[in-house]
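Thank you all for coming.

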Amino acid sequence: MKHWKSWLGVALVAALPGVAAANQALAQKNACMACHTVDKKLVGPAFRDIAKKYAGQADAQAQLAKSIKAGGAGKWGPVPMPAQAALSEADAGTLAGWILAGAQ
């Protein structure tokens with residue numbers, strides 16, 4: 001049951017007009033774009049590469065949201081991602097869904 005809910009959220013994020021621009025604005029507001037781009041590695045991986053890595057995982061959105069909030073190191077190389085602890089659960093989930101939808 002969780003699997004279809006994750007993908008439904010991703011599909012809704014991708015389908016709603018104006019949502020993509022709002023989600024990119026959320027990424028910019030929270031400094032995600034300082035280290036990530038949509039389609040090229042910068043300091044961290046491209047959002048599209050992140051989406052590919054999580055593709056097919058039933059709990060991808062929840063896991064990615066958790067990773068965004070907690071930060072970490074080692075998944076993508078030696079440069080650590082700082083924790084985004086001040087980011088709300090809802091915003092972390094929104095960003096995760098947007099990233100999983102290809103950051104479009």
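I will go from the whole chain to a lysine, then a helix, and finally the cysteines.

This is a predicted model, in which local features need pLDDT of at least 70 and side-chain atom pairs count only at pLDDT 80 or more, while totals for chains, interfaces and linings use all residues. Residues are numbered from 1 along each chain as its sequence is written, and side-chain values use heavy atoms, with hydrogens and water left out.

The secondary structure of the protein chain comes to 5 helices and 0 strands, where helices (H or I, at least four residues) and strands (E, at least two) are DSSP runs numbered from the N terminus. Of the 104 residues in the protein chain, 35% count as buried, that is, under 20% relative accessible area, with exposed meaning over 50% and partly exposed in between (1.4 Å probe, protein chains only). As for contacts (heavy atoms within 4.5 Å), 52% of those between residues at least 6 apart in sequence join residues at least 24 apart.

Let me turn to K69, which lies in helix 4 (residues 60-70). K69 is buried yet has no salt bridge, and the nearest side chain of opposite charge, E89, is 4.1 Å away; a salt bridge here is a side-chain nitrogen of Lys or Arg within 4 Å of a carboxyl oxygen of Asp or Glu, and for charge, Lys and Arg count as positive and Asp and Glu as negative, with His and the chain ends not counted. Leaving aside residues up to four places away in sequence, K69 touches A83, Q84, A85, L87, S88, E89 and A92.

Helix 5 (residues 89-100) has 12 residues and reaches 16 Å from its first C-alpha to its last, close to the 16 Å expected at 1.5 Å a residue, the expected span being 1.5 Å times one less than the number of residues. Buried in helix 5 are A92, G93, L95, A96, G97, W98, I99 and L100, and just after this helix G102 takes a positive phi of about 95°.

Which disulfides does a search of the whole structure find? The search finds 0, a disulfide being a pair of cysteine sulfur atoms within 2.5 Å. The sulfur of C32 has its closest cysteine sulfur in C35, and because these are 8.9 Å apart, they are too far for a bond. C32 counts as buried at 16% relative accessibility, whereas C35 counts as partly exposed at 30%.
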